[in-house]
Amino acid sequence: MSAQTVVSLGGVSKEFGKGGVVALQDVDLEIGPGEFVSLIGPSGCGKSTLLRIVGDLIQPSTGNVVVNGKSAHQARVDRDYGIVFQDAVLFDWRTVARNIGLPLELAGWNREKRRGRVQEMLELVELTGFESHHPWQLSGGMQQRVSIARALSFDPPLLLMDEPFGALDEMTRERLNLELLRIWQASGSTVVFVTHSISEAVFLSTRVVVMSPRPGRITGIVDVDLPQPRSFRTREEPRFAELVRDVRRALRRGGGFEAEEDDHEEERLIVAEEGL
Amino acid sequence: MTAAVTRRLADWAPAVVVFLLGIALWEGYTRGADVEQFLLPPLSEILQTLWEDRETFVSAGWFTFKEALGGFVIGCSAAILVALVLARWRGLGRAVMPYAIAANAIPIIAFAPITNNWFGLLNPLSKMVIAAVLCFFPVLVNTLRGLTSVRPSSIELMRSYACGEVEIFRRVRIPTALPFIFSALKIATVLAMIGAIVGDYFGGSQEALGILIRRSAGIFAFQEAWAAIVVASVLGILFYGSVALAERLAMRWQPSARVE
């Protein structure tokens, strides 16, 4: 592992229960600073599990996990990453501003410092003026922007995202994709992004990691050489179509189009494992 | 502002009309059809009796309300504490909950003569215990359901911030459970009043409202009995209303509680 690595996985495997489902087998992956890496694969390929192993929410059965130069556990304790889930996980009893400020509150920032930081974050996600709204007063896309602002509020070097736009309609999704790229470039953090949309993965990433199920493993990596900054036009370029084709082929080689996995199996296994 | 007030009045108008109609029907029917006193006295006469002997009724009401309130506080706080423990140690919860749910189906009021024996007929504690046990189970079951109905991703989020269980309870589980807790507390106010009054029926202090109702009915003083029932009803409604008010104050963030 070089000093320049933000996430380093060596021989990571995960078996749920004794002799149970092998969610991940022998995963090696290095992610450098400032990279935007997508994990893509069909349901049950272990991509959400892998993200949680990086976040120290799930323990690997075997293998090494180094995050930001330390153990995954230490990285979590040091609050080295922010996380965004498919549902925005905003607390209804808190205003937008207090939702964004939650991690700052937990880190012991005083009110003045928090207010200044929250304002900056609201500007970053273009929600200035909504600070005293409650989550139920916002659209799904706006809620997810609040969730991103919260994840970035304490300026973590790493951002973990688990299908953050999976529940949104296509138009909102494409707009938020662009917004996320702008935020990523402004914040300079490293992003690990789980998705099962091929075009979303290609559009956003600097690298797409293709995974296959049964057992979950990495079967291909596609470097995305599309120029930055990307725009609505990027999706119309011939190179974009080629890269989408490459990812599709990698998925097909791994059997990604044959698997008919239970959509919620991995979710259930994760919930049971974490005792949630 | 005036528009809002007018709309509020319009919202309440149907309920007010039904209320007035109900009173008119009661008064008109009992007088017009010459209903026997022991079946149902006219409302005006009940209220007159209530007014004339207001000191007795108010002090009896207060006496019994204290029994109900004591039972409510004991039963609800015990239930919330137990729910917190069972939510924290889920294995324990799984072992105990079937019995709590079964106990919820027991007509606990049947134990009133027994608690009278345990704590003494004249000891207010004998009524408080019945009220407390009546409050305990619904509050326990609802609170536990609230504490455990948190979305898994909320817990994952808090763990990603390296939060411990105490922090997760304080910032996620308890706020999530609040609506469940308050709806149980509202039910518990009613149960506590029932527990105290029915507890009185099985014997108690001469100052108690339940005793006053039973004694009056026993000597055919039906206006007195009805007046005492009116006092019990008003106290019950005020009790319920104050918990509902506390709920609104505690959960101003809720969509249903928003001020227009």
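The legends below describe close-up views of a predicted model.

**View 1. The two domains of chain A.** The domain assignment divides chain A into domain 1 (7-80 + 158-274) and domain 2 (89-155). Their centres, taken over C-alpha atoms, are separated by 25 Å. Domain 1 of chain A puts 11 residues into the contact, and domain 2 of chain A also puts in 11 residues. On the side of domain 1 that touches domain 2, helix α7 (residues 170-187) of chain A gives the largest share, five residues. By class, this side of domain 1 has eight nonpolar, two polar and one charged residues.

**View 2. The largest nonpolar core.** This core has 82 residues. The residues with the most contacts inside it are A:Val54, A:Leu160, A:Val192, A:Val208, A:Val210 and A:Val247. Helix α6 (residues 140-152) of chain A supplies its largest share, six residues. Both domains take part: domain 1 (7-80 + 158-274) and domain 2 (89-155) of chain A each contribute at least three residues. Apart from this core lies another, of 55 residues, whose members include B:Phe57, B:Ala132, B:Leu144 and B:Leu147.

**View 3. Surroundings of A:Val208.** A:Val208 is among the residues with the most contacts inside the largest nonpolar core. With neighbours within four places in sequence left aside, A:Val208 is in contact with A:Ser38, A:Ile40, A:Ala201, A:Val202, A:Val222, A:Val224 and A:Val247. One of these partners, A:Val247, is also listed among the core residues with the most contacts.

**View 4. A four-stranded sheet in chain A.** The strands of this open sheet follow the order β2-β1-β4-β5, with antiparallel pairing. Its edges are β2 (22-31) and β5 (70-71) of chain A, each of which pairs on one side only. Strand β1 (residues 7-15) and strand β4 (residues 62-67) of chain A are joined by five bridges in the antiparallel sense. Opposite A:Leu9 stands A:Val65 of β4(A).

**View 5. A:Ala97 in helix α3 of chain A.** A:Ala97 lies in helix α3 (residues 96-100) of chain A. A:Ala97 counts as buried because 20 other C-beta atoms lie within 10 Å, and the cut-off for a buried residue is 20 or more. Beyond its neighbours within four places in sequence, A:Ala97 is in contact with A:Val118, A:Glu131 and A:Ser132. From A:Ala97 to A:Gly129 there are 32 residues in sequence and 10.0 Å in space, C-alpha to C-alpha.

**View 6. Helix α10 of chain B.** This helix (residues 222-250) has 29 residues. From first C-alpha to last, α10 of chain B reaches 42 Å, close to the 42 Å expected at 1.5 Å a residue. Its buried residues are B:Gln223, B:Glu224, B:Ala225, B:Trp226, B:Ala227, B:Ala228, B:Val231, B:Ala232, B:Leu235 and B:Phe239. An α-helix has 3.6 residues a turn, so residues three or four places apart point the same way. The cover over the buried residues of α10(B) includes α2 (43-52), α3 (54-88), α8 (165-201) and α9 (209-218) of chain B.

**View 7. The contact between chain A and chain B.** Here 19 residues of chain A are in contact with 15 residues of chain B. On the chain A side, α2 (72-77), α4 (102-106) and α10 (265-274) each supply at least two residues. The residues of this side comprise 12 nonpolar, two polar and five charged.

Terms used
Residues numbered from 1 in each chain as written. Chains lettered and ligands numbered in written order. Predicted model: local features only at pLDDT ≥ 70, side-chain atom pairs only at ≥ 80, totals over all residues. Contact = placed C-beta atoms within 7 Å. Nonpolar A, V, L, I, M, F, W, Y, C, P; charged D, E, K, R; others polar. Core = buried A, V, L, I, M, F, W, Y, C linked by C-beta atoms within 7 Å. Buried ≥ 20, exposed ≤ 12 C-beta atoms within 10 Å, placed from the backbone. Domains from an automatic or database assignment. Expected span 1.5 Å × (residues − 1). Pairing = 2+ DSSP bridges.
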